[in-house]
Amino acid sequence: MLLHHCTWQEVEARLERSTGIIVPIGSTEQHGPNGLLGTDALCAEVVSHGVGEAVDALVAPTIAVGMAQHHLGFAGSITLRPSTLIAVVCDTVHSLARHGFDRIFFVNGHGGNIATFSAAFSEIYAGRSLHGQGFNPTAVRCRLKNWFDGPAIKSLSEELYGEAEGSHATPSEVSLTQYAFPETAKHVAMSPEIAPKGPIYDAQDYRDRFPDGRIGSNPALASPEAGKRLFDTAVGEVAEEYLRFLKAS
Ligand code: NI
């Protein structure tokens, strides 16, 4: 069930039986020659909605812009600076906690968000530690789950693409968007076939090292058929982790 398709009375009633909620978090950033700017947000959203249907979870609206400063050398990319994203995460969690949600499960589509989320969660826990129960009365717990790095999905990506998977603009994430939004699929020849690898610093440095935006990947191998397998695997794996998170003490 989607939070944004509910009335407030429906959310209030639902809180009587579950205090968990899923929040998709992505990024709006370049994804190489054939990947959509929305790839990370769309993948997180599609997987989250699949989990919502599979285990009757409530899913909040997607936070579609993340921490992507290193992609700003490419047209269309948007970033929140880390401090802004921390504020967005804290305000989202505190809003939900005010209503009684105490298990906030973020499904993430972007590796660049991970460090900032770790800091945001520490800010949230620090509020209760420093100010007492009045600040965080529900003792909220937060989890960040990357849809792309569980054992089952990693094993499938390895089987499908081996070393051509790379780490940015991967054939796996492009496949998932091609499955979910087939009308957006683009077919572009890659040169070189597998992109270079290297460290990430600022936007200009990134553009110089990775001229077409990819890192270590060959997303020309993407297909909607692979996307269907990746979707099913990711939904199963993320759903299991969400249920474990709800039950954990
Ligand atoms: Ni991505």
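Student: Which residues lie nearest the centre of the largest pocket?

Tutor: In this predicted model, the largest pocket is lined by 24 residues, and Phe148, Gly166, Ser167, His168 and Thr170 lie nearest its centre. The elements giving two or more residues to this lining are α5 (151-161) and α6. The space in the pocket comes to about 480 Å³.

Student: What makes His31, Asp40 and Glu173 donors of the nickel ion?

Tutor: A donor atom must lie within 2.8 Å of the metal. His31 (NE2), Asp40 (OD) and Glu173 (OE) lie 1.9 to 2.1 Å from the nickel ion, so they count as donors. His31 sits in the loop between β1 (20-25) and α2 (39-55), whereas Glu173 belongs to helix α6 (residues 171-180), 142 residues apart.

Student: Why is the contact between Glu241 and Arg143 called a salt bridge?

Tutor: The cut-off is 4 Å between a side-chain nitrogen of Lys or Arg and a carboxyl oxygen of Asp or Glu. The closest N and O atoms of Glu241 and Arg143 are 3.3 Å apart, so the pair qualifies. Glu241 lies in helix α8 (residues 224-247) and Arg143 in strand β3 (residues 141-146).

Student: How do you know whether Glu241 is buried or exposed?

Tutor: Buried means under 20% relative accessible area. Glu241 has 16% relative accessibility and therefore counts as buried. Arg143, with a relative accessible area of 30%, is partly exposed.

Student: Why are Asp232 and Lys228 said to be about one helical turn apart?

Tutor: They are so described because they are 4 residues apart in helix α8.

Technical notes. Residues are numbered from 1 along each chain as its sequence is written. This is a predicted model: local features need pLDDT of at least 70, side-chain atom pairs count only at pLDDT 80 or more; totals for chains, interfaces and linings use all residues. Side-chain values use heavy atoms; hydrogens and water are left out. Donors are N, O and S atoms within 2.8 Å of the metal (3.2 Å for Na, K and Ca); water is not among the atoms, so sites may look incomplete. On a 1 Å grid over the protein atoms alone, a cavity is a set of points where a 1.4 Å probe fits but cannot get out, and a pocket is an open set with protein on both sides within 12 Å along at least five of seven lines; lining residues have an atom within 4 Å of a point. Grid points are joined across faces, edges and corners, and a volume is the space filled by probe spheres set on the points. Buried means under 20% relative accessible area, exposed over 50%, partly exposed in between (1.4 Å probe, protein chains only).
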